[in-house]
Amino acid sequence: MTDNISQQFAGELRSFFVLSLLNVVFAALVMAFGIQFIVISVLALVEGETSIVFPAIQILLGGVAVLVGLRWILASVQIFSGIKQLRDEYSGLEDPVSDETITGLIIRMISYYRENRETIQTMIIAGIFCGFYILILGIIHSLEFLSFSFSSGTFTIDIHRVIPSTLPAYFIAVVSLFSAAFFKKFSKVWDLRQQEIDRAEENLQHVLEQG
Amino acid sequence: MGGRRTSYEIYWEILVFCKTPRSFTSIINRCDLNSKTGQEYLEFLSGKGYLSIVTEGERIRYQATGQAAEYIALFTRLYQSLFDTIPGFKL
């Protein structure tokens, strides 16, 4: 039974490690996207290509993306370093892993989850927020390449310019939403385990009191 | 990385570590406890008969008794069953 549990534990550890690592990367991308948005808007302002209102709104939105991205990176690094520590410890074990060693690691994992539960919940919300936010930024950016003809009543969009500049935004938006969904899934699994532990405590208390 | 552990988890860690006689300092270091709470846990477990005190000259050591085996086994079974009963996390 221990071998099976050990493999399952290792699999979950690996999945969450990858998710945490990707999360750090995508948080950095959100921040980079915000900076890019600000730089493009400042350049547009300096060159006086457009009115001041549109770039100013873009700078403000880009600034929010930078702040959210920065906060997201800090939270992601905290989550990542904890899971890396656990993964390194597991990797250092020699086969076969004993019952007690794997139980000790399960305790470490659940206590790690209890400690970081709030941060993980924040990351779920941040992921959803960033996903929709970047999506909106991408749409706003796309509008720059949209033109409307009053005479014919038709909309035209410069697809050659819109795709390269907005595709990264849509990619980051989709990835943010997926990341939030996977964190939600992870959180749900460990919340269920915590509920099982709460129920099991009655049994443990009973055995301890018999002492 | 002690994290937020329940007292039952700490009891288990102490009992497993004390399968061979251990000093107070090594227990609190290994189980990531401060002196005060470490003393409380050891007193509780000794009082319930899960730990016996072994004196070697001036040195005091703690060792898990046969009674502790039941608690260790139940705890191990309960925690490992978390991976049996609940579908795991996968990317």
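## The interface between the chains

In this predicted model, 36 residues of chain A are in contact with 29 residues of chain B, two residues being in contact if their C-beta atoms, placed from the backbone, lie within 7 Å. On the side of chain A that touches chain B, the elements giving two or more residues are α1, α2 (53-91), α3 (99-143) and α4 (159-210) of chain A, where helices (H or I, at least four residues) and strands (E, at least two) are DSSP runs numbered from the N terminus. The largest share of that side, 13 residues, comes from α4(A).

By residue type, the side of chain A that touches chain B divides into 17 nonpolar, 9 polar and 10 charged residues. Here Ala, Val, Leu, Ile, Met, Phe, Trp, Tyr, Cys and Pro count as nonpolar, Asp, Glu, Lys and Arg as charged, and the others, Gly among them, as polar.

## Confidence and numbering

The model scores ipTM 0.91 and pTM 0.84. Chain B averages a pLDDT of 91, and 97% of its residues score at least 70, pLDDT being the predictor's confidence in each residue, from 0 to 100.

Because the model is predicted, local features need pLDDT of at least 70 and side-chain atom pairs count only at pLDDT 80 or more, whereas totals for chains, interfaces and linings use all residues. Residues are numbered from 1 along each chain as its sequence is written, while chains are lettered from A and ligands numbered from 1 in the order in which they are written.

## Chain B as a whole

Chain B comprises 4 helices and 3 strands, which follow the pattern α-β-α-α-β-β-α when read along the sequence. Its C-alpha atoms fill a box of roughly 55 × 25 × 20 Å, taken along the principal axes.

Of the 91 residues in chain B, 31% are buried; a residue is buried if 20 or more other C-beta atoms lie within 10 Å of its own, exposed if 12 or fewer, and partly exposed in between. Among contacts in chain B between residues at least 6 apart in sequence, 46% join residues at least 24 apart.

## Helix α4 of chain B

Helix α4 of chain B (residues 68-85) has 18 residues and reaches 26 Å from its first C-alpha to its last, close to the 26 Å expected at 1.5 Å a residue. The buried residues in α4(B) are Ala68(B), Tyr71(B), Phe75(B), Tyr79(B), Gln80(B), Leu82(B) and Phe83(B).

## Ile35 of chain A

Ile35(A) is found in helix α1 (residues 2-47) of chain A, and Ile35(A) is partly exposed because 15 other C-beta atoms lie within 10 Å.

Conventions: Expected span 1.5 Å × (residues − 1).
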